[in-house]
Amino acid sequence: MKTKNFTLQILIILVFVFSSCKKDNKLESKPQELSSLTSLESYNKQVAFSKILAKSLQSEPLLREKIKTEAKKQFDFDYDILFQAIKNDVLTDNESVYNKVVKYASSKDEFDKIINDLPLLTLYVPELPDFSADTWKANSEVPVVAIKPAAKHADVEIYDAKGEKSIIKYGFVPGGPTIVVKNNERLIVSGAGVESKNNVVTNAILKESNSNKTYSTVNGYQYSFISSEFDNSKSDQANKKSINEVINQNQMTGILDPISVSAYKANAEWQRDYIYYGLDPANGITSGQFRSNYYEYITGFSFVHGYDYENLNIGDDTNDPKLTKIYSGPQWTDGALEMRINIFMNGESPLQVLFSVKASDLFDVQYTAVGSGRPSYQYSGLNPKSYNPNIRLVPFNFQKYGTSWKFVVSEYDPAGEVTNTVTNTTTLSANFGVDFKIGIKFGISGTSTKTSTYSYKTTTGSDVLGEGILDFSEPIITQIQIGPLYSPGLSRPIRGTEGENYTTFNVTTGVVNLLVSPQKAF
């Protein structure tokens, strides 16, 4: 057996075009009334569809090219293709996607019922040790088709063009070209007859996060993202990238603002005093107006080095990449994680952010190849790395919020809604005029302590990754060292380079670290 080191790169897609081909209007039809499908019924329909798809992929190179092209658009920030969105697209030989698949079905009526009963039916091109949407030679490489398991910790069924079934055991990852059939967990759908428990639950979450934007109407169905963070038609991913724990001057853009370096070099006791109020005692400036053009940003997210990931309770939902057994469970069938962060600030309504991140952007993963011919792979090790979600929060107004923000981090799964409570204690100071701070730190005025209790909604399937505190007094940069520069994604320095390397303070929950730092927003 051989060991293969595998590091995946994030593909930046700034423009989402749901369909670039002309439409065959004759195929448009109103959706049929849908029955309420159980998980097993939905799975069985996906199996039936997968057998048909596998046959079509064998004989239709234009279909393979279409799937690759659409996957690389990452309309939901994953390599997903909603089948309803592309089925009427007409390819260069004047045949639609629908026709290229349905002609391999034994019954057109049965095929139509499958795709109408599964409006969230999605094709996913997974990132595997030796295959991805970026490396797929679609003109010559014919993928097999896998189905995301209906049960937790289950083996994965795979079908080839002959209809023959093979099994990828739980704990293994397939090798070679593979496409996954699943339901899309980042969308909800409404339309004639569409009614399911998952839609009801997700709509409640949407109302809470105020992100229920209908982005497309397809074949009579209306689709909405469960969060605007998954909408690739408008989100800027340019600064979402892997970063090192130690940041150098060539990596600062989008991670650290130069004013944080200035605050460190000015020996400011409270670096945020320097940033938000311009306080610089070394130069005689001990009072200042609040600078509302600086905002806190989450510019680093990483799992703690040395944590016992084998016992980390995350990803229990079958939809998710498993961080407990990362790359050892059926996670390869479903792609990225959805991370949710609730932030609690002195009596304000909780601020909630949700972002998507591939497991490969959080870990460098090692695999062991098993078998010959078309091998499978088994996870053999991982090393956490940091990812920049580049999420803007709000200015840290010391007068308004006091010293402390509490961060509650979880991995989000759509499931039953539940209400949790959390408390946060902050220290308020009296050394303020109207948006004007008098004296560094707490000045010479008194302080008071305030404890607030908050309620917030989440889901029963979401896994809490702990709580962490950001205090106004804590530094952004803890150390600057002159030496060889570090390259993004590598833990070793680059030969022949020299410059400033910045070590930053992280908010930690014990499981994950967050880099939260002020950035000039305007």
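Which residue in the turn of the β18 and β19 hairpin has a positive phi? Select glycine 371: its phi is about 90°, and five residues lie between the two strands. (Strands are DSSP runs of E of at least two residues, helices runs of H or I of at least four, numbered from the N terminus.)

This is a predicted model, in which local features need pLDDT of at least 70, side-chain atom pairs count only at pLDDT 80 or more, and totals for chains, interfaces and linings use all residues. Residues are numbered from 1 along each chain as its sequence is written, and side-chain values use heavy atoms, with hydrogens and water left out.

Next, select residues 363-370 (β18) and 376-384 (β19), which pair in the antiparallel sense over eight bridges; pairing requires at least two DSSP bridges. Valine 365 faces leucine 382 of β19. Six of the eight residues in β18 are buried (under 20% relative accessible area; exposed is over 50%, partly exposed in between; 1.4 Å probe, protein chains only).

Now turn to the salt bridges, of which the whole structure has 22 (a side-chain nitrogen of Lys or Arg within 4 Å of a carboxyl oxygen of Asp or Glu).

Move to lysine 100 and aspartate 93, a salt bridge at 2.6 Å, N to O. Lysine 100 is buried at 2% relative accessible area, while aspartate 93 is partly exposed at 37%.
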